Amino acid sequence: MEQNNSLPPFPQGLASPQGAMTPGLPIFSPMMPYGTGLTPQPVQNTNSLSLLEEQQRHGMVGGSGQTPQLYHSQVSTTTALPGNTPLYTTPLTPMTPITPATPASESSGIVPQLQNIVSTVNLGCKLDLKTIALRARNAEYNPKRFAAVIMRIREPRTTALIFSSGKMVCTGAKSEEQSRLAARKYARVVQKLGFPAKFLDFKIQNMVGSCDVKFPIRLEGLVLTHQQFSSYEPELFPGLIYRMIKPRIVLLIFVSGKVVLTGAKVRGEIYEAFENIYPILKGFRKTT
Amino acid sequence: MGSGRPLCSPESLPWTTDSNSMASTSRGDSLPKVQCPNHPDAILVEDYRAGDMICPECGLVVGDRVIDVGSEWRTFTNEKATKDPSRVGDTQNPLLNGGDLTTMISKGTGAASFDEFGNSKYQNRRTMSSSDRAMLNAFKEITTMADRINLPRNIIDRTNNLFKQVYEQKSLKGRSNDAIASACLYIACRQEGVPRTFKEICAVSRISKKEIGRCFKLILKALETSVDLITTGDFMSRFCSNLGLPKQVQMAATYIARKAVELDLVPGRSPISVAAAAIYMASQASAEKKTQKEIGDIAGVADVTIRQSYRLIYPRAADLFPPDFKFDTPVDKLPQL
């Protein structure tokens, strides 16, 4: 846990002499040491400016050596989340507390629900889309509009785009297992039509989750303090678009308190991102 | 090179004569320095109009008739002048262009410059600076767009600077230059504190609002800047004067919109819609009543949107008006939609 003691000197190439406006590596590049504010920290009023200045100054001074006090041990308290195996096994007595009790960072108790999983799989053989479209049920094919067959099944309610190269995209499932099952069903359909379909390289490409923090949020305050991560343009979109760096997730945060998280490859990223954003949102709760 | 008095005559420059001139070199340096005799440390201010170097401490004119670096004095926009008396050409814009000092051969004027068929003999009028051609084109486009909505010179300059930075960075190279120019115009207006809505920029540009919005976000990321959030008050003066509303109504509308946002009556609504609804309420309470359609036309907001926002602020109408407002129509007679 040496992250808090001394910031290791990072290569001078990242130092930008003028600060904000130079092109090149942005300040929040993955090479920056962990704990420089890439993981959003809950703002404690007066220190918010210094946090941003700290990040700005990182570009100029190669490692200031100051340890900002805001980085209290926000070690992800790994409570047993569904789908994850717990990292710690219980020691001798089951009474000893496993996770450090840090009262400042209790878990929110809200679990984001997965709404959509997009996955791809390679069926491993060239396909004739015309025969598939003619013989399969619930398949549409309009080569002038789009070069793939769009097939739908009811059981995990999903839609698949099947391309002539043999690659397939499966969307609409609500869990990883359902996505895999649906992809297998589509592959089976294609196989029954006479093609030597295989099931190669199944990979989940995107997962979307949503949840509700149950209180209204002051988006203007959030965009002021987290300027480098947030984009709030009411003319363009009513929600605030927060691009979190540490798990690389994009969150859409709305005034009503609803939050949409997307861009995850694994379920844990969604949960981690929400745990990171929850204390910040609490800080911007509307008081009236 | 024409004849005539040269712009500066060597004898009049004080530092070239070492007789009893007012400026004196303090040391035997290679470059003689011009200084005020009373304040040798003061940095001289150049008055380009008269060509003088003036000491800021005592106002003494130290250098006289130095070289004027402004534009050619004798450039007239005189249609009758067939030959351009300008000896130095157009003003340079060194910040924005390459700042190169290339010259080119212009079109011939006499009879000797044309061959038998009437074509000009010397034909190379091609690329003067191909790398900057796109940039110059964009500057022209920016000036055209800004002219349509009467934007002042400072916004145009800021837009040009932003465009230059984005262009040199090349991170948005694939995007249409017009889209980038429109987005730069939008950002410049925001940065100067007088934001224009996306729809207003759309109206003077051929690019769609969606594309301008995309380029806007990309430019902010590329230049690593951010802009302030828009507020309802930023648009009041423009919308109200376009509608022909008197100052009282404008001030009332500003107050209404601000109060509505403070009391959080319109959560999640775009500030433009709230502003439009506030203008509607203020105008309906005054003698100059405007319809929702007229306000929607000026603000670029659909009239159903104004209706929605108006419905949200209507219940608290009595609290929203400024205390010193003269009602032509009392609050309870305001239209209820």
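Guide: Two residues are in contact when heavy atoms lie within 4.5 Å. The model discussed here is predicted.

Visitor: How many residues of chain B are in contact with chain A, on that definition?
Guide: The contact joins 24 residues of chain B to 20 residues of chain A.

Visitor: What makes up the area buried between chain B and chain A?
Guide: That area is about 1,800 Å², and carbon and sulfur atoms give 57% of it. On the chain B side, Lys217(B), Glu224(B) and Leu229(B) supply 31% of what chain B buries against chain A, more than any other three residues.

Visitor: How is chain B divided into domains?
Guide: Domain 1 of chain B covers 130-223 and domain 2 covers 232-333. Their centres, taken over C-alpha atoms, are 31 Å apart.

Visitor: What lies between domain 1 and domain 2 of chain B in terms of contact and buried area?
Guide: Five residues of domain 1 of chain B are in contact with six residues of domain 2. The two domains bury about 490 Å² between them, with 50% of that on carbon and sulfur atoms.

Visitor: What does the domain assignment give for chain A?
Guide: For chain A the assignment gives domain 1 as 119-204 and domain 2 as 213-284. The distance between these two centres, over C-alpha atoms, is 34 Å.

Visitor: Why are H6(B) and H7(B) called roughly antiparallel?
Guide: Helix H6 (residues 233-243) and helix H7 (residues 247-262) of chain B pack at about 150°, with axes 10 Å apart. Angles over 145 degrees count as roughly antiparallel, so H6(B) and H7(B) fall in that class. Gly233(B), Met236(B), Ser237(B) and Cys240(B) of H6(B) make the contact with Gln250(B), Ala253(B), Thr254(B) and Ala257(B) of H7(B).

Visitor: Why is H1(B) oblique to H3(B)?
Guide: In chain B, helix H1 (residues 130-148) packs against helix H3 (residues 177-191) at about 50°, their axes being 10 Å apart. Angles under 35 degrees count as roughly parallel, and the roughly perpendicular range begins at 65. The angle of about 50° lies between those limits, so H1(B) is oblique to H3(B).

Visitor: Which residues meet there, and how do they divide by class?
Guide: From H1(B) come Ala134(B), Glu141(B), Ile142(B), Met145(B) and Ala146(B); from H3(B) come Asn177(B), Asp178(B), Ala181(B), Ser182(B) and Leu185(B). Glu and Asp count as charged; the division is six nonpolar, two polar and two charged.

Visitor: What is the handedness of the crossing of H8(B) and H9(B)?
Guide: That crossing is right-handed. Ile272(B), Ala276(B), Ile279(B), Tyr280(B) and Ser283(B) of H8(B) are in contact with Gln292(B), Ile295(B) and Ala299(B) of H9(B).

Methods: Residues are numbered from 1 along each chain as its sequence is written. Chains are lettered from A and ligands numbered from 1 in the order in which they are written. This is a predicted model: local features need pLDDT of at least 70, side-chain atom pairs count only at pLDDT 80 or more; totals for chains, interfaces and linings use all residues. Side-chain values use heavy atoms; hydrogens and water are left out. Axes are lines fitted to C-alpha atoms, for helices over the stretch in contact, and angles run from 0 to 180 degrees between N-to-C directions. Helices (H or I, at least four residues) and strands (E, at least two) are DSSP runs, numbered from the N terminus. Angles under 35 degrees count as roughly parallel, over 145 as roughly antiparallel, 65 to 115 as roughly perpendicular and the rest as oblique. Domain bounds come from an automatic or database domain assignment. Buried area is the accessible area (1.4 Å probe) that two parts lose on being put together, summed over both. A crossing is left-handed if the near helix is turned anticlockwise from the far one by less than a right angle, and right-handed if clockwise.
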